[in-house]
Amino acid sequence: RKGYLLYKRSYESLAPFGMDYNDGYEAIRVIPLRDEYRQLCKKYIESIGYENNNLFLTNWNENDLGGLQFNDLFEKLYYLKTGHWIKLQDYTKGIETEVFEELIMTYFDISKAEIRRNALYDEVLKKYIWYSRSAGEYTFQTPPLPEVIDCIKHQDGTLTLVVDAIWPQHSTDSAFTHEVTIRLKEQGRFVYVSNSLKASEEDIYPAYIPRTKEDSTIIYKNE
């Protein structure tokens, strides 16, 4: 529909690379995408993506955070800010209150009280709940890839990015579409303002399993 060639490679073509090379599904964009959109996607969307978090998989805004899972989002925002993944050994008993809240407030206009109300917190240890995922908490699927296809600039200084989810495994260049609004700040900073799913009957969404449990007695699996 948008200029993609979607196909699956045969077993014979994958064999020289070994069984673990990939699943054979490919998506090649034949019609070029504007470089501006590629850069916007790289800066605001790609690092978060659709795997192991629901920032772009649920409807939310600053007045109604809905089911947004900040505990799962922490590691994605950490990578977005630092360019590398967190070290599991640094967070074997959860995440320090100051570290968690400072990172969330970097990318959301939200108070500490709001974070506490909308994230899972261990009142005994005074830390936010986080632990390394177990096998049962992975979906074992190849997630779709985001692609910004439009950018709407508003007079209030916000941007709304229209994003399609490209999913070769389902032979579609638009598994679903969502709109992400971002507020630009000084010195190149930005915050996420909302996500809106443009629902249709043909939508296909990736599975999402929240890592975090309400019962803090079962979270420390790597002790």
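This report describes the fold, the sheet and the nonpolar core of a predicted model.

## Overall make-up

The protein chain has 223 residues, of which 45% count as buried. Its secondary structure consists of 5 helices and 10 strands. The chain exposes about 12200 Å², and 50% of that area is supplied by carbon and sulfur atoms.

Contacts between residues at least 6 apart in sequence were also sorted by separation: 60% of them join residues at least 24 apart.

## The sheet

An open sheet is built from 5 strands in the order β3-β10-β9-β8-β7, with antiparallel pairing. Its edge strands are β3 (60-61) and β7 (145-153), each of which pairs on one side only. Helix α2 (residues 35-44) packs on this sheet and touches β7, β8, β9 and β10 (190-197). The direction of α2 makes about 110° with that of β7.

Within the sheet, strand β8 (residues 158-166) and strand β9 (residues 177-184) run antiparallel and are joined by 7 bridges. V162 stands opposite E179 in β9.

In soluble globular proteins, nonpolar side chains tend to be buried together. Here the largest nonpolar core holds 48 residues, and F70, L77, F108 and Y192 have the most contacts inside it. Two or more residues each come from α2, α3 (70-82), α4 (97-107), β7, β8, β9 and β10. Helix α3 gives the largest share, 6 residues.

L77 shows how such contacts link separate parts of the chain. Apart from neighbours within four places in sequence, L77 is in contact with I48, L103, I104, Y107, F108 and Y192.

Notes:
Residues are numbered from 1 along each chain as its sequence is written. This is a predicted model: local features need pLDDT of at least 70, side-chain atom pairs count only at pLDDT 80 or more; totals for chains, interfaces and linings use all residues. Side-chain values use heavy atoms; hydrogens and water are left out. Two strands pair if DSSP finds at least two bridges between them. Helices (H or I, at least four residues) and strands (E, at least two) are DSSP runs, numbered from the N terminus. Contact means heavy atoms within 4.5 Å. Axes are lines fitted to C-alpha atoms, for helices over the stretch in contact, and angles run from 0 to 180 degrees between N-to-C directions. A nonpolar core is a set of buried Ala, Val, Leu, Ile, Met, Phe, Trp, Tyr and Cys residues joined through side-chain atoms within 4.5 Å. Buried means under 20% relative accessible area, exposed over 50%, partly exposed in between (1.4 Å probe, protein chains only). Accessible areas come from the Shrake-Rupley method with a 1.4 Å probe; for residues, only the protein chains shown count as cover.
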